[in-house]
Amino acid sequence: QTEVQFWHAFTGRLGELVKAQVEEFNASQDEFVVVESHKGNYSETLNAGIAAFRAGEQPHILMVFEVGTATMMSAEGAIKPVYEVMAESGASFDPDAYIGAVKGYYTTTEGDMLSLPFNSSTPVLWVNRDAMEAAGVDPDTDLSTWEKVGEVLDQLKAGGEECPLVTAWQSWIHLENLSAYHDVPFASQDNGFAGLDTELMLNGPVQVAHLTAMGDWAKDGKFIYTGRRNEGGANFRAGECALFTESSAGYAGISSEAEFAFDVRPLPYWEAVVSEPQNTIIGGASLWVMEGHKADEYKGVGEFLSFLSSSDVQAAWHQNTGYLPITAEAGEATRAAGFYDENPGTDIAVIQMTAKEPTANSKGLRLGSFDQIRGIIDEELEAVWSGEKTAQEAMDSAKERGDALLRRFESAN
Ligand SMILES: O=P(O)(O)OC[C@H](O)CO
């Protein structure tokens, strides 16, 4: 049997679900064996893939979070584009089957798919209904705008809630998506889509106003900071927090662990800035195929990626995890099966990402060295939460430091 190595970043419920998919594929045929390995969090998995490539020990398939997309696109010689793998392997593959908002992010301007948008997400607002009630707040209260959320945070605090709001992925949600959702740029050159000579624009009035509000909430004990990635998920799932801004894929852990009534709402927007929000942008990860392997192994890769995209596998994955259904057919099958009626809110992520035609500010981000830039942004945000810097000071500094990395990436590519 021909072996295919698949490196990913999933643990917990997501880790179990990936393992189950791999086992199902392996059991469905006897020509190939996919071997899945967990390589740490998203950044660690990306770095493990890069280091392995340099050592000539790269896996066939590497999961790379959306942040690493520009890095992978520029890694010529290291990656084998998915459209090429699929064409050579003869596995069934219809690029038009994938939903536009997801496909666009991982496809060249010529329409060639470079990586498989396996687990695509977008941020939403998770609500612990029991915690709201315990603090004397109507759990059905309108949370559509940050103005309204601000009032609810006051009520939660007054009602004795110790963790009114917690977040995962602060840069992704409170800066990158915030910008797209309010149709302001996060970076120049269409957020990097139009060229490498881009600079950060994350220190504008919309971003600064939002971070100032978040900083005030942090100072008042209404926003509790728990970490840069999805650390806050453990607090929310344990029932310790009322509101949680997190990926739609938070569903995997919340639906399997939460011992309280929860629901999911659209990501709030500032009514003072827009009368209605633009779309949110993509997160999660895609699967990149790495160069340097044999033709029969790539055939196995093609078969496995085709299996992952098949309607039944996709529909189940979407329903179990909260990741977007990457094909229109999987979304339709989910609706037809009554899943959205039985699990209200599980279609919010798709609606939020696709309801409006994206603008140059809301197609997504394509920035080199973005993982390192996020590290800088995280550091600066932490200075806002601790009251060390104003939001303006922190974002001016993030821009200056981040732009230096963008210049370095530009000259290296
Ligand atoms: O938790 P995920 O997989 O939806 O990813 C969230 C962010 O996009 C990570 O950058």
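**Notebook: helix H7 and its chain**

I looked up helix H7 (residues 146–158) and found that, at 1.5 Å a residue, its 13 residues should span 18 Å, which agrees with the 18 Å between its end C-alpha atoms. The expected span is 1.5 Å times one less than the number of residues, and helices (H or I, at least four residues) and strands (E, at least two) are DSSP runs numbered from the N terminus.

I noted that this is a predicted model, in which local features need pLDDT of at least 70 and side-chain atom pairs count only at pLDDT 80 or more, while totals for chains, interfaces and linings use all residues. Residues are numbered from 1 along each chain as its sequence is written.

I then asked which residues of H7 are buried. They are Trp146, Val149, Val152, Leu153 and Leu156, where buried means 20 or more other C-beta atoms within 10 Å of the residue's own, with C-beta atoms placed from the backbone. These residues cover an arc of only 110° around the axis, and therefore lie on the same side of H7; the arc is that of the directions from the helix axis to the C-beta atoms.

Among what covers the buried residues of H7, I found strand S7 (165–167) and helix H10 (205–219). Just after H7, I saw that Gly160 takes a positive phi of about 95°.

For the whole protein chain, I recorded 19 helices and 11 strands, and 50% of the 413 residues count as buried. Residues 24 or more positions apart account for 76% of the contacts with a separation of 6 or more, a contact being two residues whose C-beta atoms, placed from the backbone, lie within 7 Å.

Technical notes: A residue is buried if 20 or more other C-beta atoms lie within 10 Å of its own, exposed if 12 or fewer, and partly exposed in between; C-beta atoms are placed from the backbone.
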